[in-house]
Amino acid sequence: MIGLRGVRFRYPDNPEGNAALSGIDLDIADGAFTAILGAAGSGKSTLAKILDALLIPTAGTVSVDGLVIDSAARPTGELLMKVRSTVGMVFQNPVNQIIGDTVEQDVAYGPSNLGLDHAEIVRRTDAALRTMGLGELRLRNPAHLSGGQMQRLAIAGALAMGTRHIVLDESLSMLDPQGRDEVLANLRRLNREEGLGIIMISHDARDCTGCDRFIVLDKGRIAMEGCPEDLALKKDVLRALGVRTC
Amino acid sequence: MLKDINLGRYHPGTSFLHRLDPRTKLVFLPVYIVCIFLARTVLTGIAGFLVLLALIALSAVPLRFMLRGLRTPLVVLLIADVLNIILLDDGLRISVWLTLRICEVVLASNLLTLTTRPGEIAAGLEKGLSFLKVFRVPVHDLATMVAVAFRFIPILTQEARDLMDAQTMRGADFRHGSLVRRAKALGPLSVTVFASAFRRADEMALAMDSRLYGFSDAPGNLHPLRYGREDAAAYICILCFLAVMVLMRTGGL
């Protein structure tokens, strides 16, 4: 369960400007497929980084499976490690998040940083590769993969860390339709079969097909919430909030 | 010219050099460089060159591919050679030695990166220099920097090529005109490539943070490094080569 209470965030290099997030209250249930929509600059990516503890809120608290990050106290390294192991993140540009020389080494990067023993690193890497259907590509140079395969690789890297929730920050926006469908199909399967919580961040409502609910951010605030049926019914409102619809 | 840069490129294979532990290759490179700078006579110069040719053969990397990596440094070397010949009394001899040695250094360095993945180089550096951790030297961070730098070379090279193509489409000319004119045309290009490099580095740093970079004092490895018999043989060869070159030098050969 992820819970945000009164979360505010202001970038240190913009002390006088608008806050990136201005009081977000949000609960995301375990195993839910949640879409967070909004136009560029609405605070989506800031929220994604806060969920993965890459940014610490200026005010408010974030709770991830009982691990609480409070803006009032500097989080310990152990707390950050636990939060980032629980919430995995997949970024927009697949090329810039590849760290390993081969597919298997990229997947093993997270478990290696957890300081696990060799047998456990191998076990987790094998399991994640199998889950994401990348077993046959394990010795391939990641740079030679398609966009869809790269994003599957990024998801496998997060799974190998033992994540229970995965945040995808505009992760489908640079993919061709085939790659997009490939990644979405895998995410739905993981959500349905493994109970993995999916938090899909996008400016495009088409990325949210099959979600349990959606939230629209505007100027750092939650402007709208709804169920999947509303995506079709409230197209005009969504468009006005800068969300692309079909 | 950008496609001629071999540094940071890995040529997949299973050759003897590919199979060697990265630490062995990392030890060999500086030893080889010392050896070729010990050479003072034609005989020792040829010896150093023959060792390099043997290594290229052992690497199974096509010679054409290796030689392509010499094009860019040769342009710089030719300029230096012309200046040496004009300005120095013994300019021709110095130019020949300089060209030969720099080409050998470039080829040997390329051989290391062409037969060793960046991650293996980083792992080799980290393990080989692990004794420096006693002095609080951030060996893991340094090794990671090397790996990331090598990983970025082909990405940024490709990006520079794409930008050159895009600017050529809009009338820029990088192939004709004087050296100064071509250098001027590259100016705006380099600014864009640098900006892109910083953006990419920022995104990669976030991805690494997200996957817990730096959280463990003893990060694991999917393929821990282990020396084999081939490494023992290689170390014996390295020592023999060094000993022969030192003896030839002290013997005036």
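**One residue, then the whole**

Analyst: Let us begin with A:M150, which is buried because 26 other C-beta atoms lie within 10 Å. Please keep in mind throughout that this is a predicted model.

User: Ok, which helix does A:M150 lie in?

Analyst: A:M150 belongs to helix α5 of chain A, which covers residues 147–159.

User: And what does A:M150 touch, leaving out residues up to four places away in sequence?

Analyst: With those sequence neighbours set aside, A:M150 touches A:P94, A:I98, A:P142 and A:L145. As a separate distance to look at, A:M150 and A:Q105 are 45 residues apart in sequence, and their C-alpha atoms are 13 Å apart in space.

User: Zooming out, how many helices and strands does chain A have?

Analyst: Chain A has eight helices and ten strands. Its C-alpha trace spans about 45 × 45 × 30 Å along the principal axes, and 49% of its 246 residues count as buried.

User: What radius of gyration would a compact globule with 246 residues have, and what does chain A have?

Analyst: A compact globule with 246 residues would have a radius of gyration near 18 Å, and chain A has 18 Å, so the two agree. If you take the contacts in chain A with a separation of 6 or more, 67% of them are between residues 24 or more positions apart.

User: How many residues of helix α1 of chain A are buried?

Analyst: In helix α1 of chain A, residues 44–51, eight of the eight residues are buried, so this helix is largely enclosed by the rest of the structure. Among them are A:K44, A:T46 and A:L51. Just after α1(A) comes A:A53, which takes a positive phi of about 60°.

User: Where is A:E170, and what is its phi?

Analyst: A:E170 sits in the loop between β7 (165–169) and α6 (177–194) of chain A, and although it is not a glycine, its phi is positive, about 55°. A:E170 also counts as buried, because it has 20 C-beta neighbours inside 10 Å and the cut-off for buried is 20 or more.

User: Switching to chain B, which residue there follows α9(B) with a positive phi?

Analyst: That residue is B:L212, whose phi is near 65°, and it is not a glycine. You will find B:L212 in the loop between α9 and α10 (229–250) of chain B, where B:L212 is buried, since 22 other C-beta atoms lie within 10 Å.

User: What span should α9 of chain B have, and how far apart are its ends?

Analyst: Helix α9 of chain B has 32 residues (179–210), so at 1.5 Å a residue it should span 46 Å, and its end C-alpha atoms are 45 Å apart, which agrees.

User: Where does α9(B) bend, and by how much?

Analyst: The bend in α9(B) is at B:G187 and comes to about 30°, with a proline, B:P188, following within four residues.

User: Which residues of α9(B) are buried, and what do they pack against?

Analyst: The buried residues in α9(B) are B:M204, B:A207 and B:S210. They pack against α2 (77–86) and β6 (87–90) of chain A, together with α8 (139–169) of chain B. As background, an α-helix has 3.6 residues a turn, so residues three or four places apart point the same way.

User: Last topic: which domains are assigned in chain B?

Analyst: The domain assignment gives domain 1 (1–116 + 228–253) and domain 2 (120–221) of chain B. Their C-alpha centres lie 24 Å apart, and the contact takes eleven residues from domain 1 of chain B and 13 residues from domain 2 of chain B. Helix α2 of chain B (residues 22–38) gives the most to the domain 1 side, with three residues, and the residues of that side divide into five nonpolar, three polar and three charged.

Notes:
Residues are numbered from 1 along each chain as its sequence is written. Chains are lettered from A and ligands numbered from 1 in the order in which they are written. This is a predicted model: local features need pLDDT of at least 70, side-chain atom pairs count only at pLDDT 80 or more; totals for chains, interfaces and linings use all residues. Helices (H or I, at least four residues) and strands (E, at least two) are DSSP runs, numbered from the N terminus. The expected span of a helix is 1.5 Å times one less than its number of residues. The bend at a residue is the angle between axes fitted to the seven residues ending there and the seven starting there. A residue is buried if 20 or more other C-beta atoms lie within 10 Å of its own, exposed if 12 or fewer, and partly exposed in between; C-beta atoms are placed from the backbone. Two residues are in contact if their C-beta atoms, placed from the backbone, lie within 7 Å. Domain bounds come from an automatic or database domain assignment. Ala, Val, Leu, Ile, Met, Phe, Trp, Tyr, Cys and Pro count as nonpolar, Asp, Glu, Lys and Arg as charged, and the others, Gly among them, as polar. The radius of gyration is taken over C-alpha atoms; the globule rule is 2.2 Å times the number of residues to the power 0.38.
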